[in-house]
Amino acid sequence: MREEYGKLNRVEMSIWECCELLNEVVDDSDPDLDEPQIEHLLQTAEAIRKDYPDEDWLHLTALIHDLGKVLLLPVFGELPQWAVVGDTHPLGCAFDESIVHHKYFKENPDTYNPEFNSKNGIYSEGCGLDNVMISWGHDDYMYLVAKENGTTLPQAGLFIVRYHSFYPLHRCGAYKQFMNKEDKENLKWLHIFNKYDLYSKSKVRVDVEKVKPYYLSLIEKYFPAKLRW
């Protein structure tokens, strides 16, 4: 998947165009979202903006964190829900019990492969999450798009985009042995972000046109006008 989608040869569009495209997406794993996806993105971003007014990169990170869900749309290959949304986890080491639907891993041959079923598996402690293979999903796709298109978002922003669905790590503390110093610093920001991602889905509608100029200015600051997707 990373090789296939790493070609970035499907669409050329701006970040805001992608936000609008996301309105066509329905995430089956999201239990409490009736509003269009763009409203969830803006609700999260606006809630963070209120509490962290000086961290403009964090406002923009909130806006873009779920854009990878466009993988569900036909132009992006119409991947099935299980391959795009929901929680992510490492491959090549033991499946931690904190992973959602853990019981189904008994069907996975890796569970019985001695190379992959120990606590550290093919990795070493402190190797850095960048060196750990995580299951594919919308997180990694958007990280790939941002990085390859030369975003100037700080590392903490890219970390949030890449790992916000890695719940075994940031909710349960599993797999922390693989983190390096930079990961630990970035995780603090992911914990802050996650509070808003989960609990900002308010029933107060966001006036998209009113806040749009602010977010367009951030997009211009941290991204090129057009990105390859």
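## A buried tyrosine to start with

Let's begin with Tyr175, which counts as buried because its relative accessibility is 5%. Here, buried means under 20% relative accessible area, exposed means over 50%, and partly exposed is in between, using a 1.4 Å probe and protein chains only. Tyr175 sits in the loop between helix H7 (167-170) and helix H8 (181-199). Its phi is near 65 degrees, a positive value in a residue other than glycine.

A word on the ground rules: this is a predicted model, where local features need pLDDT of at least 70 and side-chain atom pairs count only at pLDDT 80 or more, while totals for chains, interfaces and linings use all residues. Residues are numbered from 1 along each chain as its sequence is written, and side-chain values use heavy atoms, with hydrogens and water left out.

## The chain as a whole

What does the secondary structure of the chain come to? There are nine helices and two strands, and along the sequence they follow the pattern α-β-α-α-α-α-α-α-α-α-β. Helices (H or I, at least four residues) and strands (E, at least two) are DSSP runs, numbered from the N terminus.

For overall size, the C-alpha atoms fill a box of roughly 55 × 35 × 35 Å, taken along the principal axes. The radius of gyration is 18 Å, which agrees with the value near 17 Å that a compact globule of 229 residues would have. That radius is taken over C-alpha atoms, and the globule rule is 2.2 Å times the number of residues to the power 0.38.

## Inside, outside and charge

Of the 229 residues in the chain, 52% are buried. A contact means heavy atoms within 4.5 Å.

The accessible surface comes to about 11200 Å², and carbon and sulfur atoms account for 51% of that. These areas come from the Shrake-Rupley method with a 1.4 Å probe; for residues, only the protein chains shown count as cover. As for charge, the chain has 25 positive and 38 negative charges, and their mean positions are 3 Å apart. Lys and Arg count as positive, Asp and Glu as negative, while His and the chain ends are not counted. Each charge is placed at NZ of Lys, CZ of Arg, CG of Asp or CD of Glu.

Helix H4 is largely enclosed by the rest of the structure, because nine of its nine residues are buried. The buried residues in H4 include Trp57, His59 and Ile64. Leaving out residues up to four places away in sequence, Asp56 touches Tyr214, Leu218, Lys221 and Tyr222. Glu20, on the other hand, is 36 residues from Asp56 in sequence and 21 Å from it in space, C-alpha to C-alpha.

Helix H6 (residues 155-163) is mostly covered, with eight of its nine residues buried. Among them are Phe159, Arg162 and Tyr163.

## Between H4 and H5

Leu91 lies in the loop between helix H4 (56-64) and helix H5 (138-148). Is Leu91 buried, partly exposed or exposed? It counts as partly exposed, because its relative accessibility is 29%. Setting aside neighbours within four places in sequence, Leu91 is in contact with Tyr123, Met133, Ile134 and Ser135.

His101 belongs to the loop between H4 and H5 as well. His101 is exposed, with a relative accessible area of 56%, and its phi is near 55 degrees, a positive value in a residue other than glycine.

## Glu148 and its surroundings

Glu148 is in helix H5 and is partly exposed at 41% relative accessibility. Apart from neighbours within four places in sequence, Glu148 is in contact with Leu8 and Arg228. Leu227 is 79 residues from Glu148 in sequence, but their C-alpha atoms are 9.0 Å apart. Leu91 and Glu148 are 57 residues apart along the chain, with 23 Å between their C-alpha atoms.

## What about the cysteines?

How many disulfides does a search of the whole structure find? The search finds zero, a disulfide being a pair of cysteine sulfur atoms within 2.5 Å. For Cys127, the nearest cysteine sulfur is that of Cys93, 9.1 Å away.

Cys172 counts as partly exposed, with 45% relative accessibility.
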